[in-house]
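Dear colleague,

I am passing on the structure below, together with some notes on what came out of it. Please read the notes alongside the coordinates.

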Amino acid sequence: MLALDWAVNEAQLRNLPLLLAHAVDFESFAMGFNPGASESFFKYLETTGQRFLDEALDHVQVLDPDVEATLSRVAGRPARVLAELSKDAFLTVVGSSGLNALTGLLAGSVAVALTAHAHSPVVVVRAPGVPVTGTVVVGISGARDSEDAIAWAFEEASMRGAELVAVLVWSYMPAYFYYVEPPWNDLTGRAREEQQEMLLAERLAGWQEKFPDVVVRRITALGNPGQVLLSHAQHAQLLVAGSHGHGDATGLFLGATSHRLIHHANCPVLVVRPHARESKR
């Protein structure tokens with residue numbers, strides 16, 4: 001329901017319809033020893049799934065009866081089903097039921113896999129109590145693959161009337177790595193900081209002219225990208241990040257920074273992968 005609340009608000013801001021999807025992997029119940037896998041049990045799953053969708057639709061109508069919403073109940077592995085549905089989506093929003101704090105896998109396997117494989121950008125809504133007046137934070141890398149994340153961040157900040165915090169994180173290569181990548185340490189100290197500030201300015205060039213209503217705060221920081229972004233997003237209403245990771249079946253190659261953000265951020269995280277296109281609305 002947290003994800004649904006967020007999705008309804010986004011649909012209102014963008015004047016888009018909603019597709020409410022519920023998936024059940026019946027095969028997983030039929031495999032192995034499972035005395036509950038009877039016909040009545042599968043019927044219960046179907047009935048329960050439909051009830052979830054009906055309750056979600058009622059919730060949407062209470063929040064905003066003008067938002068167009070349709071239902072989709074599908075059999076299959078949830079992450080694969082949602083990834084397939086994302087082919088025709090402008091944006092895919094998912095909640096999270098991950099509870100394994102000991103391993104740090106707090107976002108849930110479906111959220112992780114979907115973020116790694118979806119054909120649209122994905123928003124993971126994990127924590128309640130998101131401030132509606134907070135900033136929008138975007139993580140920017142030195143590579144051009146963060147361009148899509150910047151575009152989404154400016155759009156979201158503009159629609160929400162929020163300040164945009166643009167964060168570029170960099171780090172020094174230890175001296176004993178000189179033989180691996182000598183150019184990395186050509187600049188040190190303040191010279192290196194100025195270089196990163198110029199790089200951040202280059203990444204934002206043109207976007208501030210396109211969105212003159214957005215107030216932008218630029219931050220360059222030395223440290224671990226995930227840790228720095230999480231610290232700046234503690235009171236944010238949205239955190240936007242790109243990802244150059246190549247996901248496997250479980251999403252473990254999503255990208256180290258994005259992976260950490262969706263597990264630990266206090267606010268919703270919007271992940272934009274390079275292949276994720278702006279689909280039919």
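In which sense, left-handed or right-handed, does helix 4 pass helix 5? Before the answer, a word on the basis: this is a predicted model, in which local features need pLDDT of at least 70 and side-chain atom pairs count only at pLDDT 80 or more, while totals for chains, interfaces and linings use all residues. Residues are numbered from 1 along each chain as its sequence is written, and side-chain values use heavy atoms, with hydrogens and water left out.

The crossing of helix 4 and helix 5 is right-handed, a term that applies when the near helix is turned clockwise from the far one by less than a right angle. Helices (H or I, at least four residues) and strands (E, at least two) are DSSP runs, numbered from the N terminus. Pro78, Ala79, Leu82 and Ala83 of helix 4 meet Val110, Ala113, Leu114 and His117 of helix 5, where contact means heavy atoms within 4.5 Å.

Turning to the sheet, it is open, has 7 strands in the order 3-4-9-8-5-6-7, and shows mixed pairing; two strands pair if DSSP finds at least two bridges between them. Strand 3 (92-94) and strand 7 (216-222) are at the edges with a single partner strand each, so one side of each is left without a neighbour in the sheet. From one strand to the next, the twist averages 20 degrees.

Strand 5 (residues 136-140) pairs in the parallel sense with strand 6 (residues 164-170) over 5 bridges, Val136 standing opposite Leu164, and likewise in the parallel sense with strand 8 (residues 238-242) over 3 bridges, where Leu239 is the bridge partner of Val137. Both faces of strand 5 are covered, with Val136, Val138 and Ile140 on one side and Val137 and Gly139 on the other all buried, that is, under 20% relative accessible area with a 1.4 Å probe and protein chains only.

By contrast in sense, strand 4 (residues 122-124) and strand 9 (residues 269-272) are antiparallel over 3 bridges, and Val124 has Val269 as its bridge partner in strand 9. Helix 6 (residues 147-160) packs on the sheet, touching strands 5, 6, 7, 8 and 9, and its direction makes about 170 degrees with that of strand 5.

Notes
Buried means under 20% relative accessible area, exposed over 50%, partly exposed in between (1.4 Å probe, protein chains only). Axes are lines fitted to C-alpha atoms, for helices over the stretch in contact, and angles run from 0 to 180 degrees between N-to-C directions.
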